[in-house]
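Biologist: I would like to learn how to read the features of a model like this one. Please give the terms before the cases.

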Amino acid sequence: MKKKHFIGLLLILAVGVVSSFKLSTTGYKVGDKATDFKLKNIDGKMVSLADIKSAKGYIVVFTCNHCPFAKMYEDRVIALNTEFASKGYPVVAINPNDPTNQTDDSYDNMVSRAKEKSYAFPYLVDENQAVAKSYGATNTPHVFVLQKQGSDLVVKYVGAIDDNAQDASKATKHYVADAVNALLSGKSVPVDQTKAIGCGIKWKNS
Amino acid sequence: MKKVLLSVILVLGAMVSMAQMASVIKFPQLQAMMKQNNDTTYVFNFWATWCAPCVEEFPNFQKISDATSKNKVKVIFISLDFKKDLNKSLNPFLKNHNVTNSVYLLDELDYNSWIDKVDKDWNGDLPATLVINNKTGVYKLYPHPFTLDQLQQTLKPYIN
């Protein structure tokens, strides 16, 4: 009997380990409910999604300073905010990278980059990388479009910004803009999932 | 006649210095290379000059390639540098590193149109290394950097 209990306990533990592993590696899928967070902004203040009260949803962008893809997409992230913040979908940028080996991605450098380019949206530091992990972000840039539904934040799009990293003018599929426009007009998102293209997130050595 | 000779020399000279330059390809050309059916094991290393871990592991692939008979294991570098950086970054890098392997610049910016055809679980992160032997049915993508030791261990079954 005791042995049985022990084996049962082992099984429960094993299942727990496997499922938590799965959760941490897969992250959010379209239709999942996202969790809000509280992270430090470039002005030193803590920011949560809930702080932006007028929002109908959010364009959460995991990005950083150093990555060539993040750099190429920077102006497009700014443009997304310009276009959609006033319509209720502001950009919230998060840098998840460990700056140890990428000093470009340090908090100080985030502050100066945001100033240089006059970011009109929060640029948050995910210092312990917990938000990137729970969302399942793997790359920079990696976008999650969230829609407020009552008190829930529902994931409506996950992936890349568009289909041409190098040249915005040659992009033919504008995944994020199309997703937000669809949500704004009460339609379903045409392409709700792509692979985010860019640099792998620099995880801390644990 | 002299002129002809001169231009022949010029062309030949250009060809020699072209040896370490990357050719620009599209995905179907890569697919054709991936389908070669012979006794050789092909190692495609996806990388870019702007990717620090790629640059770090690059010499390991050169070493393994130099140490192995080209008939058994052939290392092919697939650069995802941007086409505009071909002569600015990629070719100078190849020259500096005395690269003798085949190097191609894969000019396919819409990653979502092709990365699934390499491996459905790959999200295009660099570096990634694809080992293929169509005769023995080997097809495996390693989406991480390699140390020389890891690379030797991984390729051991195909070298002997």
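Modeller: Helices (H or I, at least four residues) and strands (E, at least two) are DSSP runs, numbered from the N terminus. Two strands pair if DSSP finds at least two bridges between them. This is a predicted model, in which local features need pLDDT of at least 70, side-chain atom pairs count only at pLDDT 80 or more, and totals for chains, interfaces and linings use all residues; side-chain values use heavy atoms, with hydrogens and water left out. Residues are numbered from 1 along each chain as its sequence is written, while chains are lettered from A and ligands numbered from 1 in the order in which they are written.

Biologist: How many helices and strands does chain A have?

Modeller: Chain A has five helices and nine strands. Read from the N terminus, its elements run α-β-β-β-α-β-α-β-α-β-β-β-α-β. Contact means heavy atoms within 4.5 Å. Of the contacts in chain A with a separation of 6 or more, 74% are between residues 24 or more positions apart.

Biologist: How do I read burial, and what percentage of the residues in chain A is buried?

Modeller: Buried means under 20% relative accessible area, exposed over 50%, and partly exposed in between, with a 1.4 Å probe and protein chains only. By that cut-off, 50% of the 206 residues in chain A are buried. One strand to look at is S3(A), residues 57–62, where six of six residues are buried.

Biologist: Which residues point one way from S3(A), and which the other way?

Modeller: In a regular strand the side chains alternate between the two faces of the sheet. In S3(A), Gly57(A), Ile59(A) and Val61(A) point one way, and Tyr58(A), Val60(A) and Phe62(A) point the other; all are buried.

Biologist: Now the partners of that strand, please.

Modeller: On the antiparallel side of the account is S7(A), residues 142–149, joined to S3(A) by six bridges. Phe62(A) stands opposite His142(A), and Ile59(A) stands opposite Val145(A). The pairing of S3(A) with S4(A), residues 91–95, is parallel and has four bridges. There, Ile59(A) has Val91(A) as its bridge partner.

Biologist: Next, helix packing. At what angle do H2(A) and H5(A) cross?

Modeller: Two packed helices are described by the angle between their axes and the distance between the axes. Axes are lines fitted to C-alpha atoms, for helices over the stretch in contact, and angles run from 0 to 180 degrees between N-to-C directions. The axes of H2(A), residues 68–84, and H5(A), residues 175–184, come within 11 Å and cross at roughly 15°. H2(A) is therefore roughly parallel to H5(A); angles under 35 degrees count as roughly parallel, over 145 as roughly antiparallel, 65 to 115 as roughly perpendicular and the rest as oblique.

Biologist: Which residues of H2(A) and H5(A) meet?

Modeller: From H2(A) there are Leu80(A), Glu83(A) and Phe84(A); from H5(A), Val176(A), Ala177(A), Val180(A), Asn181(A) and Leu184(A). By class, the contact has six nonpolar, one polar and one charged residues. Here Ala, Val, Leu, Ile, Met, Phe, Trp, Tyr, Cys and Pro count as nonpolar, Asp, Glu, Lys and Arg as charged, and the others, Gly among them, as polar.

Biologist: In what order do the six strands of the open sheet in chain B lie?

Modeller: The order is S1-S4-S3-S2-S5-S6, with mixed pairing. S1(B), residues 23–25, and S6(B), residues 138–142, are the edge strands, each pairing on one side only. Neighbouring strands are turned by 25° against each other on average, direction ignored. Five bridges join S6(B) to S5(B), residues 128–133, in the antiparallel sense, and one of the partner pairs is Ile132(B) with Tyr139(B). Helix H6(B), residues 148–159, lies across S2, S3, S5 and S6 of chain B and runs at about 135° to S3(B).
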